Amino acid sequence: MQNRPYIRSRWFEDIPLGEFHVFGSHTFSELEIIEFGRKYSPEAYHTDPVAALDTPYRGLVAPGWQLTAMWMKMMVGYMESFARGVQDGRRNGAGMGLQDLEWFLPVRPGHTITYTYEVIDKPDRVIRDRWGIIKSRNEAFNQYNERVMRFTIDILAERNPESLK
């Protein structure tokens, strides 16, 4: 895969409050849960299906950070697709901070998680004479439509230079 700058398809001013997206779904396998657990969260309930039976989870579960990392992967892929063909020089800004991260229910092998995103605020503030802030609520739901994760994040979005004059 070629490493290229991520292009934003719209200016900050063009992104409405309430905009809602479904980034997509991912089914977590036993193997990927174990591999992620061994690398980043080496507790028995993430790495050993037999030993996990003797934990409060009564079986293997995905680490919360794995759910969050998959959100990042799904978000980047979705947004890159959303901006396909836009080559006018606008750049996506970095995340400024994640707030109120909560993992509500265990995600087990075979669970399919769907990730959503909603713009909930756009503070009237300009960062470094160029960027606005998009605050979004991000949630993940299992195949039973139960929420398994939620957080908010602030991401920079380039402002239209015309609006800054």
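Predicted model: local features only at pLDDT ≥ 70, side-chain atom pairs only at ≥ 80, totals over all residues.
1. Leaving aside residues up to four places away in sequence, Met149 touches Leu67, Thr68, Trp71, Leu101, Glu102, Trp103, Phe104, Tyr115, Asn138, Glu139 and Ala140.

2. Met149 also belongs to the largest nonpolar core, a set of 27 residues. Together with Phe23, Phe28, Trp71 and Tyr115, Met149 is among the members that touch the most others. Two or more residues each are given to this core by helix 1 (30-40), helix 3 (64-82), strand 3 (112-121), strand 4 (131-141) and strand 5 (147-158). As background, nonpolar side chains tend to be buried together in soluble globular proteins.

3. On the overall layout, the protein chain has 3 helices and 5 strands. Their order along the sequence is β-α-α-α-β-β-β-β. Of contacts between residues at least 6 apart in sequence, 72% join residues at least 24 apart.

4. On burial and surface, 43% of the 165 residues in the protein chain count as buried. The chain exposes about 9,500 Å², and 51% of that area is supplied by carbon and sulfur atoms.

5. Strand 3 has pairings with strand 1 and with strand 4. Strand 1 (residues 20-27) pairs with strand 3 in the antiparallel sense, over 7 bridges. Within that pairing, Thr27 has Thr112 of strand 3 as its bridge partner. Strand 3 and strand 4 also run antiparallel and are joined by 7 bridges. Here Glu118 has Arg137 of strand 4 as its bridge partner.

6. Glu118 and Arg137 are linked through their side chains too. The two form a salt bridge, with the closest N and O atoms 3.0 Å apart. This pair links distant parts of the chain, since Arg137 is in strand 4 and Glu118 in strand 3, 19 residues apart. Arg137 counts as partly exposed, at 31% relative accessibility. Glu118 also counts as partly exposed, at 26%.

7. How many salt bridges does a search of the whole structure find? The search finds 6. One of them joins Arg159 to Glu13, with a distance of 3.2 Å between the closest N and O atoms.

8. Is Arg159 buried or exposed? Its relative accessibility is 11%, so Arg159 counts as buried, the cut-off for buried being under 20%.

9. Glu158 is in strand 5 and Arg130 in the loop between strand 3 and strand 4; the pair is 28 residues apart and links distant parts of the chain. Glu158 is buried, with a relative accessible area of 8%. Arg130, at 35%, is partly exposed. In general terms, side chains of opposite charge can pair when their charged atoms come close.

Terms used: Residues numbered from 1 in each chain as written. Heavy atoms only, no water. Helix = DSSP H or I, 4+ residues; strand = E, 2+ residues; numbered from the N terminus. Buried < 20%, exposed > 50% of the residue type's maximum accessible area, 1.4 Å probe, protein only. Contact = heavy atoms within 4.5 Å. Areas by Shrake-Rupley, 256 points an atom, 1.4 Å probe, with all protein chains shown as cover. Core = buried A, V, L, I, M, F, W, Y, C linked by side-chain atoms within 4.5 Å. Pairing = 2+ DSSP bridges. Salt bridge = Lys/Arg side-chain N within 4 Å of Asp/Glu carboxyl O.
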